[in-house]
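Here's a quick briefing to read with the structure open beside you. It starts with the whole chain and then goes residue by residue.

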Amino acid sequence: MSLTNGLEIPKETLDAEIQAFFDSAPPLKNKVDISEKLEEFVKKNSLPSGIGGVRRVVCVTSGGTTVPLEQQCVRYIDNFSSGHRGAASTEYFLKAGYAVIFLYRRGTCQPYCQSLPDDPLLECFEYMDESNIKVSQPHSEAVRNAITKNRAAVTGSLLLKIPFTTIFEYLQMLQMISLSMRSLGPHAMLYLAAAVSDFYVPWKSMAEHKIQSGAGPLDMRLVQVPKMLLVLRQDWAPKAFCISFKLETDSKILLEKADMALKKYKMHMVVANELSTRKEEVVVVRSNEKVSVHRNNSLGDNDVESPLIELIVERHSAYVSNSDI
């Protein structure tokens, strides 16, 4: 059973809603390529690693999904998210020895680029002459670190980047990734930090061409996106360690909503964050504990993700150990 507005939904009904969503969604243009890359990445990281035992693999989702309003899309509804949390978390997971599948919104923050300016191409380089461009001195160390660390992770088969834009792309890719990680059992983790749209316009009822403003006020019906976390947890990757996020603007309801999500979707952990303080503090909610995680500048934490990932890695280690008993 799943719950919506306090009402139980039979799993058969939920499965049918999810299947209807996928059946009506435009097919991924690069599905075969993504499938091949996932298979190769998971296979390489299923082998015993130099750190002892099987390497753990985490899928980090990052950024917000869009909801197209036309099939040949000009207008869309967007979800607020810079992707900073997902990008920063990816760096810390890699540092902790994980391999990372980074499912990210095109144009959002990337791992190892936090120290670069907003427009790195134009601000980090200097034009010398027709055949020479060099990195400007103030940014040389940041550019060198970004390039070397990213290249090392990618060429070492420790980082696989998969971009999405729309809600249709995101959920199809998330299903593919989850199913590909099933063979990893408890060594797999799903860290679902993306801001996912709650409502969408079904593809078949969407206007094909640009909606004309001369037609007057726009009246459009949005349908609720089927809640897929429970199916992900129970069917797609039943042994994976699953973490979802709950963002609210009202601190009074935040922990209650996080508790509900934990039980409703059978998550192992929900990271609760309030919009105004999300960069300084989060609360990790589990069935038996609530842990406040703070950014601590005195300890050298540049962001809240550093202590957050440290806690998550610790809890995941315990989960793997208990699964092996």
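**The chain at a glance**

The protein chain has nine helices and 16 strands. Its radius of gyration is 21 Å, close to the 20 Å that the globule rule gives for 325 residues, so the chain is as compact as a globular protein of that length. Keep in mind that this is a predicted model.

**Overall numbers**

- Taken along the principal axes, the box filled by the C-alpha atoms of the protein chain is roughly 60 × 55 × 45 Å.
- Of the 325 residues in the protein chain, 46% are buried.
- Take the contacts in the protein chain with a separation of 6 or more: 71% of them come from residues 24 or more positions apart.
- As for charge, the protein chain has 37 positive and 38 negative charges, and their mean positions are 3 Å apart.

- Arg105 sits in strand E6, which covers residues 99-105.
- Is Arg105 buried or exposed? It counts as buried, because its relative accessibility is 10% and the cut-off for buried is under 20%.
- A polar atom of the Arg105 side chain lies 2.7 Å from the backbone oxygen of Gly64.
- Not counting residues up to four places away in sequence, Arg105 touches Ser62, Gly63, Gly64, Thr65, Thr66, Tyr76, Asp78, Phe164 and Thr165.
- Thr108 is in the loop between E6 and helix H4 (120-123), and at 15% relative accessibility it counts as buried too.
- What does the side chain of Thr108 reach at 2.6 Å? That would be the backbone oxygen of Arg105.
- Leaving out residues up to four places away in sequence, Thr108 touches Gly63, Ser81, Ser82 and Gly83.

- You'll find Ser81 in the loop between E5 and helix H3 (84-95).
- With 26% relative accessibility, Ser81 counts as partly exposed.
- Ser81 touches Gly63, Gly64, Thr108 and Ala195, again not counting residues up to four places away in sequence.
- A polar atom of the Ser81 side chain lies 3.4 Å from the backbone nitrogen of Gly83.
- Ser81 and Ala207 are 126 residues apart in sequence, and their C-alpha atoms are 27 Å apart in space.

**Met189**

- Met189 belongs to strand E10 (residues 188-192).
- Its relative accessible area is 0%, so Met189 is buried.
- Which residues is Met189 in contact with, leaving aside its neighbours within four places in sequence? They are Val57, Val58, Cys59, Phe93, Tyr98, Met181, Phe241, Ile243, Ile312 and His316.
- Tyr98, one of those contacts, is 91 residues from Met189 in sequence and 9.7 Å from it in space, C-alpha to C-alpha.

**Arg75**

- Arg75 is in the loop between strand E4 (67-68) and strand E5 (76-77).
- A relative accessibility of 31% makes Arg75 partly exposed.
- Neighbours within four places in sequence aside, Arg75 is in contact with Pro68, Leu69, Glu70, Lys210 and Ile211.
- The side chain of Arg75 reaches the backbone oxygen of Ile211 at 2.7 Å.
- Arg75 and Lys210 are 135 residues apart in sequence but 7.7 Å apart in space, C-alpha to C-alpha.

**Backbone angles to look at**

- Most residues other than glycine have a negative phi.
- Tyr112 has a positive phi, near 70°, and is not a glycine.
- Tyr112 is in the loop between E6 and H4, and its relative accessible area of 16% makes it buried.
- Ser157 isn't a glycine either, yet its phi is positive at about 60°.
- Ser157 lies in the loop between helix H5 (140-155) and strand E9 (159-164).
- Ser157 is buried, with a relative accessible area of 16%.

Conventions: Residues are numbered from 1 along each chain as its sequence is written. This is a predicted model: local features need pLDDT of at least 70, side-chain atom pairs count only at pLDDT 80 or more; totals for chains, interfaces and linings use all residues. Side-chain values use heavy atoms; hydrogens and water are left out. Helices (H or I, at least four residues) and strands (E, at least two) are DSSP runs, numbered from the N terminus. The radius of gyration is taken over C-alpha atoms; the globule rule is 2.2 Å times the number of residues to the power 0.38. Buried means under 20% relative accessible area, exposed over 50%, partly exposed in between (1.4 Å probe, protein chains only). Contact means heavy atoms within 4.5 Å. Lys and Arg count as positive and Asp and Glu as negative; His and the chain ends are not counted. The place of a charge is taken as NZ of Lys, CZ of Arg, CG of Asp or CD of Glu. A polar contact is a pair of N or O atoms within 3.5 Å; within protein, one must be able to donate a hydrogen and the other to accept it, and residues adjacent in sequence count only if both atoms are side-chain atoms.
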